[in-house]
Amino acid sequence: MSRVIGIDLGTTFSCVAHLSPEGPKVIPNLEGMATTPSMVCFTSAGEILVGNLAARQALANPEKTIFAIKRLIGNKYSSPAVQEARPRLTYGLSEAPNGDVLIRAGDRTITPQEASSHILVYLKRCAESFFGEPVTECVITVPAHFDDHQRQATKDAARIAGLDVLRVINEPTAASLAYGLNRNPDGVVAVYDFGGGTFDITLLEISGGVFHVLATAGDNFLGGDDFDQRIIDRLRADFLSKHGIDLGSNPYNLQRLKEAAERAKRDLSFTAITEVNLPFIAADASGSKHLQTAITRANLEEWTRDLVERTLPLMDKALHESGLTANKVAEILLVGGQSRMPLVRKKVGEFFGKDPNTQINPDESVALGAAIQSGVLEGNGAKDIVLLLDVTSLSLGIETENGEFEKIIDKNTTIPCRKTKSFTTVDDNQRRVRIHVLQGEGSRALENTSLAMFDLVGIMDAAAGVPRIDVTFEIDADGMVRVSARDVLSGREQKVSVHPSSGLSPQQVENIIEREKKKAH
Ligand code: AMP
C-alpha cells in the first residue's frame, strides 16, 4: 500500500503530515515551512501560484488572489456564510445555475472545489518530494460543524487534486488524537478549536486508547478573520474621519489593511502595544496620506470581547449535551491560531476553572492527528494504538407536513450510524413519494440545510396507506449521509432517484480532472 498523508486544509493555513515509525511528523512545504498559506493566485502570465508565493504577491494582484476558500466551499451563494464573507474578499463571487457559489478571479470563474484543489495539489507535491514517490491517498480534516455538502465538496477538491480520501475526520477530534498518542490520558478532554474561519468545541472521553467523542458544538461564522475585520473597520473609520477618504473602496488598500490588521492582531498576543504603519496609502489634492497608529492589547480586547464571549454559550451547550459539568473536564486543548490570543486563554481558563494545556502546537496538531488516522488506515501498526468513535455534529431529518422538520438521527449520535423510517402513500395507486432530506437543528425545514430530494419511484399499485417503504438514513464514518430504501411487501430494493441540491456531480468532477490533465500536457 502506498503512503497515506494527513491533511489539515485550513481557512488561512494548511498543513500536511505523515505517521513515521517515531510518531506523527509534519511534512515541510517546498520552502521548508511547517504550514502553507491557503492561498491561490492566478497571475497575468497564466501561472497558478500557491501558498507563500501567492501570499507574497497578494498586494500586487488582490483581485486574482484567492483566500478563505473554506468559507465558501459547499455553500450556496445566498447562504449567510457567503454573504458575510463577501465584503471582506478582494476577489469576486457569482452564483452558479444550481445556486452554488463561484469564485471570480479576473476573467476566470472557478468553483471553490477547484480553488481548494490547487492547494491540495501543492501539498501533495510537498509530500511526494519529501518521500521521493507518488502519493495518492489521504485523510483530510474538516471543521466538526461542516455539513454533508461541505464534506462532499472537500472530498471533491481532493479528488480533483488526484487524492483519494480514505477518511474525513473532524479537526478537533484529530487534535485530540495528536494529544492523546503516547500520553495515555484517561478522562474527559475539551478541544477548543478557534481557527481562521470557524469555531468548534468538542468534548471527548479518552479511555484505554479509545477516543469517544461525547458532544460537539460550534459556529461556522466565527473565526480569526472576524477579529481582523474589527481592526480593519476601526482603521478605516478613523482614516475616514481624519482624511475623508474611505480606504475600503480600493481592493489594493483593502489588502494592505487586511495584512496589517492580521499582523497587529498576532503581535498583540505577545506584546501590549503595536504600531500599524501604512505609508502612502492614499492621496488627495493636499498630497499623500499615511496611516500610522498604535493599537494596544486593551484596545483589541475591547473591540473583540464579544467575539470571544460568543464561544462561551457553545461550551455550555456541549457540556449540557454530554451531561457533564465544567469541573469534570480533565484537560483543555487549544487548537487553531486564534486560540493564541491571551483573552481567549483567560476566558477559557475561567470557564473550566483551570488553565488550558499549551503543550500542543495549535497550528500542527490537526494535521498530526490526521496523520495518526492515516497510519491506522494504512495498517502500519497504528491500528493497535487508537480507536476513534466520533459523532455527527448536525441532526439529520426530513421535511414533514406544513414545512416542519422531523429529526431522524439526532446530533451527537456516534458515527457510523443508521436509522430506518417507514413511509407509505396518501393516495390510491400512488406511484411516487418525495422525501426532502435536511441537516440542521431548526424546527422548520426552511431553517436547515437542504441535502437532497429523494423520489421513491415505481411503488406498486395499492390502496392509500398499504405500501410500506423502509428508508434507511445512514451517516458513515466520514460524517457523510447515505440513503437507501426497501419495499417491505415485495422485499425489493426500492429505487431512489436523487436530486442533490448542491455541489458537483461525479461527472462534473471527472470532467474537471480530464481538463486539468489536458492542461498539464
Ligand atoms: P488556523 O485556521 O488554525 O490556521 O488559524 C488561523 C487564525 O489564527 C488566523 O485568523 C490567524 O490570524 C490567527 N492567529 C495566528 N496566530 C495568531 C496569534 N499569535 N494571535 C492571534 N491570532 C493568531
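**Exercise 1: Thr274**

Thr274 is buried, because its relative accessible area of 9% falls under the 20% cut-off. The model used here is a predicted one.

Task: Find where Thr274 is placed and which residues Thr274 touches.

Solution: 
- Step 1. Thr274 belongs to strand E16, which covers residues 273-284.
- Step 2. Leaving aside residues up to four places away in sequence, Thr274 touches Ala264, Asp267, Leu268, Thr293, Ala294 and Ile295.
- Step 3. With Asp267 there is a polar contact of 3.3 Å between the two side chains.

**Exercise 2: helix H4**

Task: Describe the span of helix H4, the cap at its N-terminal end and which of its residues are buried.

Solution: 
- Step 1. H4 (residues 148-160) has 13 residues, and from first to last C-alpha it reaches 18 Å, close to the expected 18 Å.
- Step 2. The buried residues of H4 include Asp148, Arg151, Ala157 and Ile160.
- Step 3. Ten of the 13 residues are buried, so H4 is largely enclosed by the rest of the structure.
- Step 4. Gly162 follows H4 and has a positive phi, near 85 degrees.

**Exercise 3: H9 and H10**

Task: Work out how H9 passes H10 and which residues meet.

Solution: 
- Step 1. The axes of H9 (residues 312-322) and H10 (residues 342-352) come within 11 Å and cross at roughly 35 degrees.
- Step 2. The crossing is right-handed.
- Step 3. Leu312, Met315, Asp316 and Leu319 of H9 meet Lys347, Phe351 and Phe352 of H10.
- Step 4. By class, this contact has five nonpolar, two charged and no polar residues.

Methods. Residues are numbered from 1 along each chain as its sequence is written. This is a predicted model: local features need pLDDT of at least 70, side-chain atom pairs count only at pLDDT 80 or more; totals for chains, interfaces and linings use all residues. Side-chain values use heavy atoms; hydrogens and water are left out. Axes are lines fitted to C-alpha atoms, for helices over the stretch in contact, and angles run from 0 to 180 degrees between N-to-C directions. Helices (H or I, at least four residues) and strands (E, at least two) are DSSP runs, numbered from the N terminus. A crossing is left-handed if the near helix is turned anticlockwise from the far one by less than a right angle, and right-handed if clockwise. Contact means heavy atoms within 4.5 Å. Ala, Val, Leu, Ile, Met, Phe, Trp, Tyr, Cys and Pro count as nonpolar, Asp, Glu, Lys and Arg as charged, and the others, Gly among them, as polar. The expected span of a helix is 1.5 Å times one less than its number of residues. Buried means under 20% relative accessible area, exposed over 50%, partly exposed in between (1.4 Å probe, protein chains only). A polar contact is a pair of N or O atoms within 3.5 Å; within protein, one must be able to donate a hydrogen and the other to accept it, and residues adjacent in sequence count only if both atoms are side-chain atoms.
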